[in-house]
Amino acid sequence: MAKSKTVYVCSACGYETGRWLGRCPECESWNTLQEEVRQPEAKSPEKKIKRAPGASAPALRIDEIPDDAMQRRPCGIGELDRVLGGGVVDGSVVLVGGDPGVGKSTLLTQVCANMARAGEKVLYVSGEESARQIKMRANRLGASGTGMYVLSENDMTTVERRMEELAPRVMVVDSIQTMYLPEIASAPGSVSQVRESASQLIRLAKISGCCVFLVGHVTKEGSLAGPRVLEHMVDAVLYFEGDRQNHYRLLRAVKNRFGSVNELGMFEMSGDGMREVTNASEALLSERAHDASGSVVMCALEGTRPLLTDVQALVARAPFGTPRRMASGVDQGRLSLLLAVLEKRAGVRLFDQDVYINIAGGMTLTEPAADLALCAAVVSSLRAKPIGGTFAVMGEVGLAGEVRAVPQAERRLNECMRLGFQNVVLPKGNLRGIRVPEGMNVHPADTVLDAIAALGLFAKS
C-alpha cells in the first residue's frame, strides 16, 4: 500500500518542495511554505483537471473585436454598486474577504435575494453551511420567498454540473477555501486546491457569462488566506473592514478591472441584515464631542467619495522617561514624523508628552491630506484649546514645515459646506483655479505655523 507524501507549498507563488525552507527559492518570500499531506493517487484512470480554453482560439485584430459595452446589473444595494463601479458585470469574478462574523454571507445573501426578485436566476453555493442554515438566515433577512437556488456542496464537479443545469446569472461560492477537486490529492483549503478550484470557477464564469462572487477567509494578519495568485486571477477584490463590536462595516475595493479602485461603501449591521449608510459623513460625525480639545474635522477622499472624519488626539504628560506614541487609524511612523516636524518647525514641545491618536468610526486614513489635521489635533489637545465647531482642516505637511496642496480640493470643500463647516484651513497652493462655495471662508496656510495661527491655538511668532 502506497504511503502518503508530505510536500511544502509556497502560499505566495505555489512553489513546491519536499522539505521545509525558510525562504521560497521561487518568489523569495519568507515563511510562506505550508505543509501539505497528499494521499497517493488511485491507479484507475481519473478525470483530468479542466483547464481554461484558449489553445484553439484565433488571434483577432483589435479593430475586429466588437465594441459591445459591458452590461452591468444593479444588485439592489447602492453602496455595493458604488464599490463595484455601477453594478455587477456579466462574466466577472469578485472575491470578497473579511474577518469571521463581519457580514460577508449576510450581504451576499441580500444581493442574491434582490437579484432574484428582479427576475434573475441566482445560485448560492455553500461549503460551510447546510441548506437549512441558509434558509434560517434567509428568513431573518426576508429573502426566503425570492426563488433563489441553494446548494450545500463543496465538490467542484457537482457544483459545475448544477451550474450547467441551472445556468444562473449570479452565483455565490461561500467559501472558496472549502471547495475541492477530487482529482487533486490534497485537503480542501490547501494552496493547490484553492488555486485550481478558483481557476475552474473563473473558466465557467467567462464561458457562461455568469457573475461569480467568491467568499474568502482572511488570516490573522488581515490578508486573504490561500495563494497570493488568487487575487491576481479574479476581476475584483473587496475587503470587509470592521469588527463585531462596531456596528459600522466598511467595504473597500482594492482591485477592480471594471471600475475605480479604493472605493468605499459603508454599512450598518442590524438585526434584519446590512443597511446602507448613504450619508457616511453625517454618520461618522454624529457622536462627535463639540467644544472638546483635540478634535478636528478632516475631509478624506476614498476613491471618488469625500468623507468627513473626526481626527482625535490626546496629549498628556509622560509619567515615565520615554513618552508613548499610539495611533489607531493612521500610520504610527507617519505620526512620529509629524510630531518631529511640530517640535522642530513649530516649536511645540512634545518630547515629554504621551500622544494618542484615534480616527473615530473605525476609519483608516492613508492619504497625506490628513497630516495637517493630525498636527492641529495634537496642538489643540496640548494647549487645551478646542477648535471651532465650524472648522475643517486638510493639507499635506512636509519635513520643512510647509503645507502642500491636496488633490480634488473643490470636491472636499463642497462636502464640508454641505455639512455646515463654513471655515476651512486649506493649503495656499489649492487656491489657484478652484471655485470656493458661496458663504465659505477659506484660510490659506503656507506653513504649519500659519495653520495653527488661523485656528487660534497660539499666536504666530
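Reader: Where is isoleucine 65 placed in this predicted model?

Author: Isoleucine 65 sits in the loop between β3 (33-38) and β4 (72-73).

Reader: Is isoleucine 65 buried, partly exposed or exposed?

Author: Burial is read from relative accessible area, with buried meaning under 20% and exposed over 50%. Isoleucine 65 has 40% relative accessibility, so it counts as partly exposed.

Reader: Which residues make the nonpolar surface patch?

Author: Ile65 makes it with Leu60 and Ile62, and the patch covers about 340 Å².

Reader: Why is α9 described as largely enclosed by the rest of the structure?

Author: Because 11 of its 13 residues are buried. Among them are Asp371, Leu374, Val378 and Ser381.

Reader: Which residues have the most contacts inside the largest nonpolar core?

Author: A nonpolar core is a set of buried nonpolar residues joined through side-chain atoms. The largest has 68 residues, and Met298, Leu342, Val378 and Cys416 have the most contacts inside it. Helix α9 gives the most to this core, with eight residues. A second, separate core has 31 residues, including Val96 and Leu238.

Reader: What is methionine 298 in contact with?

Author: Leaving aside neighbours within four places in sequence, the contacts of methionine 298 include Leu307, Val311, Ala373, Met394 and Arg412.

Conventions
Residues numbered from 1 in each chain as written. Predicted model: local features only at pLDDT ≥ 70, side-chain atom pairs only at ≥ 80, totals over all residues. Heavy atoms only, no water. Patch = residues over 30% accessible without salt bridge, like charges linked within 9 Å, V, L, I, M, F, W, Y side chains within 5 Å. Areas by Shrake-Rupley, 256 points an atom, 1.4 Å probe, with all protein chains shown as cover. Salt bridge = Lys/Arg side-chain N within 4 Å of Asp/Glu carboxyl O. Helix = DSSP H or I, 4+ residues; strand = E, 2+ residues; numbered from the N terminus. Buried < 20%, exposed > 50% of the residue type's maximum accessible area, 1.4 Å probe, protein only. Core = buried A, V, L, I, M, F, W, Y, C linked by side-chain atoms within 4.5 Å. Contact = heavy atoms within 4.5 Å.
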